[in-house]
Amino acid sequence: MDNLLQIKNGEKVSRADIPQLPFADFRQALLDIADQDGYIVQFFAYQAEQANRLLAVLRQGKTLYAAGCEVGDSYPSLTAANEKFHMFEREIAEQHGIRPENHPWLKMVRYHQNYQGKADVFANDYRQEIPGNYPYFQVAGEDIHEVAVGPVHAGIIEPGHFRFQCIGETVLHLEIQLGYQHRGVETMLPTVPRKRLPVICESIAGDTAIGHNLTSCQALEALGDLTVDQGAQVVRAIALELERIANHVGDLGALSGDVAFNPPAAYFGRLRGEFLNLLQVLCGNRFGKGLIRAGGVAFRMGEEQRRLILDKINETRPELEHVCDLLFSAHTVLARFDATGTVPRERARELGLVGYAGRASGLGYDARVTFPTGCYPDLPPNQNEMTNGDVNSRATVRREEIMHSLDLIETLVRRQGETEPVFLKDYQLAPSSFVVTINEGWRGEISHCLLTDDQGRLERYKVKDPSFHNWTGLAMSLRDEEISDFPLCNKSFNLSYCGFDL
Amino acid sequence: MLKIIKNRMEQGCKTTRYPKEPISLYKRYRGLPEINRNCDPALIKRCAEACPQDAIDPVAIRIDLGRCTFCGQCEMQSEGKFITFTQNFEMATASREDLITDGTLPDLARHSKKHFKKLFGRSLQLRQVSAAGCNACEADTNVLNTPFFDLSRFGIDFVASPRHADGIHVTGPVSKNMRAALLTTFEAVPAPKVVIASGSCPISGGPFYGSDEVSGDLNSIIPVDLFIPGCPPHPLTTLHALLSYFK
């Protein structure tokens, strides 16, 4: 690991300082970290001086490492040696036409032409409809049947395609094929006028508008040498926690709906709205769109807003406690939640799950604790108790995090500190620089990575939603489960389609 | 059982009386804009140039609500001298052109197609299609099924099968990869059928306008009957649109 550069979350680094290793050393260094309880934060390709380059950011404990290397049009896959690289290498193959040799599961990720117009790794003709040449994993045998669902699902929900290989009611394998939501976010971000960046980042995944835009603004602030005042930091943290509560509450409601226990579904559904309305109190939008801008926040949090937030927390806290108790003490609910969709700790570790999905399987990583920014260094962490990796654990982590986030908001709202609203800050990005930013969004680790060229223009903008890690976890949770438990497993993960598809 | 009753009593009845009684949204919510046509043209030009969505036409002094994401930047930049956003959430229109506005909108109820009111006034079943939506529009549509809005009491429901639907409600800028699935869903709905574009994405591309991977104009793919602006539209904007257009 001596040949890697240690970096910090949200710290500007000169591109010249990123060690460019020979490929063999690069591969070995990455595998060494990944094998020793290290995880991949970013692993992507970009073009520089007419050559393909790979860049990796890994985390191990509280340390972040970065390294780069040059590759040709193919290289020996890392996934063959460690599963954590699986989706990242597929993405590199799709975006840049670089083939990872001996990748055990080399399929398209989002179904689009590669950026350089090179020969397609998947031999797809993109005038054909999605999914092109996509070899679904199939199980053969007399009693085997296949269930195909989507892209359009039965509900108000984003599109994706699911293939279940079943024997009777039991699922042997679930394959999740996405790409329907691909909007070209990563190709847009470096090319559009800078005024559009926050608006696009707030729509990478609308349910994570705060998480993604915060991660983006922190990166721009690092490269643009902008400082954020304490008052704005407080508003940002409150918004991130409100987003977490709203989504967790909504998902607990959906989980109770999926086990046909309607009272909590109705109550949680209504309570979720109360927290979206608090984001509207902060910035006029129920998803927090328009709140965070590079350099701070666009709206003040005055006494009136503080009081509205505190009053609403006082009002909803007992209601939330009571509805949670109603849900989690019903034996008919527990019979469905308990030991359903289990991802054992070892499996979660191999896949590199993040967020509540990881924590429910005993991987304690929480970016608010490990790589804290803004107000988080001096806020108390959450401790989750149940780590069986099943639906019950994933639901219980949500319950605990709702209560923890309510406490955090109460603490933060009482912190004084005025902020000067920002909305059109002028700034120049440092040339030939690199920054990676990490935040614990409500689903888990969000990371953005920016590279600037020698003129200070954005050259590469890499986005990673936590769903990029966790979709494989959902697929694994279905192994040997009843197909009727799919909705429950799915809602307990509640992953983002558009955050993955970009 | 006792716990259910106890919770039921604590929760009480939370359903809004809207539209029988007016409802007011918090003052920071940004709805229909008011435009000061006598504003200094230089300031209008600066607002138009800084608008992330290029939604402001500084010559005609109009704002395109189909492009606008209601971020509020023009209001802050002009300190309310050019644009102020009101809390009026009733913003849907029956034509794309009407969304390009000087601050006034036609009465939706009077512009709806009369046969739709006759056909669907008492029962409207919609199939929602997310065509690369960011899940904000989807989420704030889903919310209409919660007890506060309780959409079903108006005879309006979102259904699973397009065969059971009277129309489609589309969110998202229509990515290349969702185009075929969207058309297949639309074709599966029996005629006569309605098409609703929800949010700035299907109307103008929204935040993703200009991307090669999206169409950004649902109306050019299938004719749209009802346009609901917003990023995302407030649930009340959608509720008002459905009730005015179909009831």
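**Exercise 1. State how many helices and strands chain A has in this predicted model, and decide how its overall size compares with the globule rule.**

Solution. 
Step 1. Count the elements: in this predicted model, the secondary structure of chain A consists of 16 helices and 17 strands.
Step 2. Along the principal axes, the C-alpha atoms of chain A fill a box of roughly 65 × 60 × 45 Å.
Step 3. Look at the inside. A residue counts as buried if 20 or more other C-beta atoms lie within 10 Å of its own. By this test, 58% of the 502 residues of chain A are buried.
Step 4. Consider the contacts along the sequence. Of the contacts in chain A between residues at least 6 apart in sequence, 67% join residues at least 24 apart.

**Exercise 2. Carry out the description for chain B.**

Solution. 
Step 1. Chain B has 9 helices and 10 strands.
Step 2. A compact globule of 247 residues would have a radius of gyration near 18 Å; the value for chain B is 19 Å, which agrees.
Step 3. The C-alpha atoms of chain B fill a box of roughly 65 × 45 × 35 Å along the principal axes.
Step 4. Of the 247 residues in chain B, 51% are buried.
Step 5. Among contacts in chain B with a separation of 6 or more, 78% are between residues 24 or more positions apart.
Step 6. Check the confidence. The pLDDT of chain B averages 92, and 100% of the residues score at least 70. For the model, ipTM is 0.95 and pTM is 0.95.

**Exercise 3. Describe how domain 1 and domain 2 of chain A meet.**

Solution. 
Step 1. Count the contact residues: 20 residues of domain 1 of chain A are in contact with 23 residues of domain 2 of chain A.
Step 2. Find the elements on the domain 1 side. Those that give two or more residues are β2 and β4 (38-48) of chain A. The largest share, 6 residues, comes from β4(A).
Step 3. Sort this side of domain 1 by class: 10 residues are nonpolar, 4 are polar and 6 are charged.

**Exercise 4. Give the strand order of the open sheet of 4 strands in chain A, and identify its edges.**

Solution. 
Step 1. Read the order: β2-β14-β15-β16 of chain A, with antiparallel pairing.
Step 2. Identify the edges. β2 (13-14) and β16 (458-464) of chain A each pair on one side only.
Step 3. Examine one pair inside the order. Strands β14 (residues 433-440) and β15 (residues 445-452) of chain A run antiparallel and are joined by 7 bridges. In this pair, A:Val436 has A:Cys449 of β15(A) as its bridge partner.

**Exercise 5. Treat the open sheet of 3 strands in chain B in the order β2-β3-β5.**

Solution. 
Step 1. The pairing in this sheet of chain B is antiparallel.
Step 2. β2 (56-57) and β5 (100-101) of chain B stand at the edges; each has a single partner strand, so one side of each has no neighbour in the sheet.
Step 3. Strand β3 (residues 62-64) of chain B pairs with β5(B) over 2 bridges. B:Ile63 stands opposite B:Thr101 in β5(B).

**Exercise 6. Explain why helix α14 of chain A is described as largely enclosed.**

Solution. 
Step 1. Helix α14 spans residues 467-477 of chain A.
Step 2. List buried residues in α14(A): among them are A:Phe468, A:His469, A:Trp471, A:Leu474 and A:Met476.
Step 3. Conclude. Because 10 of the 11 residues of α14 of chain A are buried, the helix is largely enclosed by the rest of the structure.

**Exercise 7. Describe the side of chain A that touches chain B.**

Solution. 
Step 1. Count both sides: the contact takes 51 residues from chain A and 55 residues from chain B.
Step 2. Name the elements. On the chain A side, α4 (197-201), α7 (262-283) and α8 (303-328) each supply at least two residues. α7(A) gives the most, with 9 residues.
Step 3. Sort by class: the side of chain A that touches chain B has 26 nonpolar, 15 polar and 10 charged residues.

Note on methods:
Residues are numbered from 1 along each chain as its sequence is written. Chains are lettered from A and ligands numbered from 1 in the order in which they are written. This is a predicted model: local features need pLDDT of at least 70, side-chain atom pairs count only at pLDDT 80 or more; totals for chains, interfaces and linings use all residues. Two residues are in contact if their C-beta atoms, placed from the backbone, lie within 7 Å. Ala, Val, Leu, Ile, Met, Phe, Trp, Tyr, Cys and Pro count as nonpolar, Asp, Glu, Lys and Arg as charged, and the others, Gly among them, as polar. Two strands pair if DSSP finds at least two bridges between them. A residue is buried if 20 or more other C-beta atoms lie within 10 Å of its own, exposed if 12 or fewer, and partly exposed in between; C-beta atoms are placed from the backbone. The radius of gyration is taken over C-alpha atoms; the globule rule is 2.2 Å times the number of residues to the power 0.38. pLDDT is the predictor's confidence in each residue, from 0 to 100.
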